[in-house]
Amino acid sequence: MQRRAFLAAGASATAALAGCVGPSLSDSEYDIGMQSNAFIPEPAVEGADVPTFEVAVGDTVVWANTGSRNHTVTAYDDGLPEGADYWASGGFESEQAAREAWEQSIDGGGIVRPSETYEHTFEVPGDYYYVCIPHESAGMVGKVVVTE
Ligand SMILES: [Cu+2]
């Protein structure tokens, strides 16, 4: 009897804790977090020039806004391997289009809001450099390395 009572109390405590967490994302649901002024790959490639995440061709990378500010995930036009399509949150066709959308709040501006995610599937191997437009001056850049 006492053991059963204990288990019941434990179950309700767990439920209460889960309720506190609310809609936030669990670590298993994304690859790269976004907080304050930084992309946070989990795990990051050690010794890289900027925060770097490594995947294989055909893999889908998921970014999640794990912070409280709005971010973008915007590829640099000159940061793509040859033959790769341009990519950016908001689905823009070029870096310039993404920047104009952000500045003029066109089509949502490519914003990934807190607790939202953005994902992209990489089909061409190479190094991909990208930026968060509103936090570029603070150094919020990242890299995805896609291997064969
Ligand atoms: Cu940002």
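Four strands form an open sheet in the order 3-8-7-5, with mixed pairing. Strands here are DSSP runs of E with at least two residues, helices are runs of H or I with at least four, and both are numbered from the N terminus. Two strands pair if DSSP finds at least two bridges between them. The model is predicted, so local features need pLDDT of at least 70 and side-chain atom pairs pLDDT 80 or more, while totals for chains, interfaces and linings use all residues. Residues are numbered from 1 along each chain as its sequence is written, and side-chain values use heavy atoms, without hydrogens and water.

Strand 3 and strand 5 (74–75) stand at the edges of the sheet. Each has a single partner strand, so one side of each lacks a neighbour in the sheet. F53 has V144 of strand 8 as its bridge partner.

V144 also belongs to the largest nonpolar core, which has 27 residues. Such a core is a set of buried Ala, Val, Leu, Ile, Met, Phe, Trp, Tyr and Cys residues joined through side-chain atoms within 4.5 Å. Buried means under 20% relative accessible area (1.4 Å probe, protein chains only). F39, W63, W87 and V144 have the most contacts inside this core. Among the elements that give two or more residues to it are strand 3 (52–56), helix 2 (95–104) and strand 8 (141–147).

The copper ion has the protein donors H71 (ND1), C132 (SG), H135 (ND1) and M140 (SD), at 1.9 to 2.6 Å. Donors are N, O and S atoms within 2.8 Å of the metal (3.2 Å for Na, K and Ca). Both C132 and M140 are buried. The 4 donor atoms subtend angles of 99 to 126 degrees, which makes the arrangement tetrahedral (four donors, all angles between 85 and 135 degrees).

Notes
Tetrahedral: all angles 85-135°; square planar, octahedral: opposite > 155°, others 65-115°. Buried < 20%, exposed > 50% of the residue type's maximum accessible area, 1.4 Å probe, protein only.
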